[in-house]
Amino acid sequence: MSADRLSLDIALTRKTFSLKVREDVALAGVTAVFGPSGSGKTTLLRAIAGLETGGEGRISFGETVWQDSAAGVFVPAHKRAVAYVFQDARLFSHLDVRGNLDFAAKRALQAGRIPDTDAAIAAFGIGELLERHAVSLSGGESRRVALARAVLSCPDLMLLDEPLNGLDRAARRKILPFLKSLAEHSGCPVLYVSHDLEEVAALASSIVVMEAGRVLANGPVAEIGRSLDLGPLSEGAEPASLIEAKVTRIDSDSGLMALEAGGETLLLPTVPWAREAEKLRLFIDARDVAIAVERPGPMSIRNVLPARVGRIVSSDTAADALVDLSIGGELIRAQITRHALSELHLETGQEVFALMKSVRLAGDFR
């Protein structure tokens, strides 16, 4: 087994909760651990880090065994070469930013590793914060310092426990680019805990989906998104769709780029960093998708695509209904009123048109 794989076969029981995971997790770039609150995401992360001592079973990272209760093996947290970034950053409040970074760099040197402090400072844009005390930092600033400190510890594996939790949308948008490049700057794989589907879509290449202490799915984000409805597991979120699309054309005159998804073309405003043939993840709120039984005439909505009605979820106690629309190999969800559902006489298998009023790149928290 190579060091790009985490092998988990563990069971842990608390008074009101039990975690039971038997899974091999391929590690490359960012792997999301996704699910609602109480699903066991943080408990799993703590077990991997060596912070949970009451569990039974086996955990190995590559060829290195961190825990094997049958053999009496338990490697303590400080010997696992793992960096753990908590939700609240947990910087040393009595030190300034430079002191926090130096602490991690010195520990790395003691372990025979070579940290690059200047590179970490530049990568996370914290040069102007070095003389500031930790307690004076904003939420977004403290998260960036915590990430830089984790990188300077030169870990073999990075564990992030909802690092955007509690930040407003503006702060989340600002820190997201740093998270995207984290695996590159740290030189190691990242496990990223989140209950936000859009965060996962923006950051992760693979996903481990959890619910009630069990793993529901494990694999590439795009593949899992097609086979499993992740929306209900995204805590507090409105129904939405996540699809992957390839940039086929960038038109500087119109300011639009064309993307292919499910054999159809979508138009989005051009972003400066987009390149032709690049794959991007798109996020579509279900309330931004309307349905027409006939192709409409000229209109301002740019994305009008032929679709086939799939599952329809409607209840006499709810004003709205959810309709799954198949567009090629992609699944788009529309949230419409029950009145519209009845008036359009929608049925499974029916050919319709999906009118997407708004499509945005995943992670563009507007």
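Let me begin with a contact between two helices, where Gly140, Arg143, Arg144 and Leu147 in H4 meet Lys174, Ile175, Phe178 and Leu179 in H5. Sorted by class, the residues of this contact between H4 and H5 are 4 nonpolar, 1 polar and 3 charged. Please keep in mind throughout that what we are looking at is a predicted model.

How do the axes of H4 and H5 cross? Helix H4 covers residues 139-152 and helix H5 covers residues 169-180, and their axes come within 10 Å and cross at roughly 10 degrees. Because angles under 35 degrees count as roughly parallel, H4 is described as roughly parallel to H5.

Now I turn to a sheet. In general, the strands of a sheet pair through backbone hydrogen bonds, and they do so in either a parallel or an antiparallel way. Here 5 strands form an open sheet, in the order S2-S1-S4-S5-S6, and the pairing is antiparallel. Which strands stand at the edges? They are strand S2, residues 18-26, and strand S6, residues 73-74, and each has a single partner strand, so one side of each is left without a neighbour in the sheet.

Within that sheet, strand S1, which is residues 5-13, pairs with strand S4, residues 56-61, in the antiparallel sense over 6 bridges. Helix H1, made of residues 41-49, lies across S1, S2, S4 and strand S5 (64-68), and H1 runs at about 115 degrees to S1.

Next come the aromatic rings. A pair of such rings is described by two things, namely the distance of the centres and the angle of the planes. The count for this model comes to 4 aromatic pairs. In one of them, the rings of Tyr84 and Phe86 have centres 4.3 Å apart and planes at 25 degrees, so this pair is stacked. Are these two residues buried or exposed? Tyr84 counts as buried, at 16% relative accessibility, and Phe86 is buried too, with a relative accessible area of 18%.

Finally, let us visit Asp285, which lies in strand S15, residues 279-285. At 23% relative accessibility, Asp285 counts as partly exposed. Leaving aside residues up to four places away in sequence, Asp285 touches Pro239, Ala240 and Arg360. Asp285 and Leu242 are 43 residues apart in sequence, and from C-alpha to C-alpha they are 9.0 Å apart in space.

Methods. Residues are numbered from 1 along each chain as its sequence is written. This is a predicted model: local features need pLDDT of at least 70, side-chain atom pairs count only at pLDDT 80 or more; totals for chains, interfaces and linings use all residues. Side-chain values use heavy atoms; hydrogens and water are left out. Axes are lines fitted to C-alpha atoms, for helices over the stretch in contact, and angles run from 0 to 180 degrees between N-to-C directions. Helices (H or I, at least four residues) and strands (E, at least two) are DSSP runs, numbered from the N terminus. Angles under 35 degrees count as roughly parallel, over 145 as roughly antiparallel, 65 to 115 as roughly perpendicular and the rest as oblique. Contact means heavy atoms within 4.5 Å. Ala, Val, Leu, Ile, Met, Phe, Trp, Tyr, Cys and Pro count as nonpolar, Asp, Glu, Lys and Arg as charged, and the others, Gly among them, as polar. Two strands pair if DSSP finds at least two bridges between them. Rings of Phe, Tyr and Trp (its six-membered ring) pair if their centres lie within 6.5 Å; planes under 30 degrees apart count as stacked, over 60 as edge-to-face and the rest as tilted. Buried means under 20% relative accessible area, exposed over 50%, partly exposed in between (1.4 Å probe, protein chains only).
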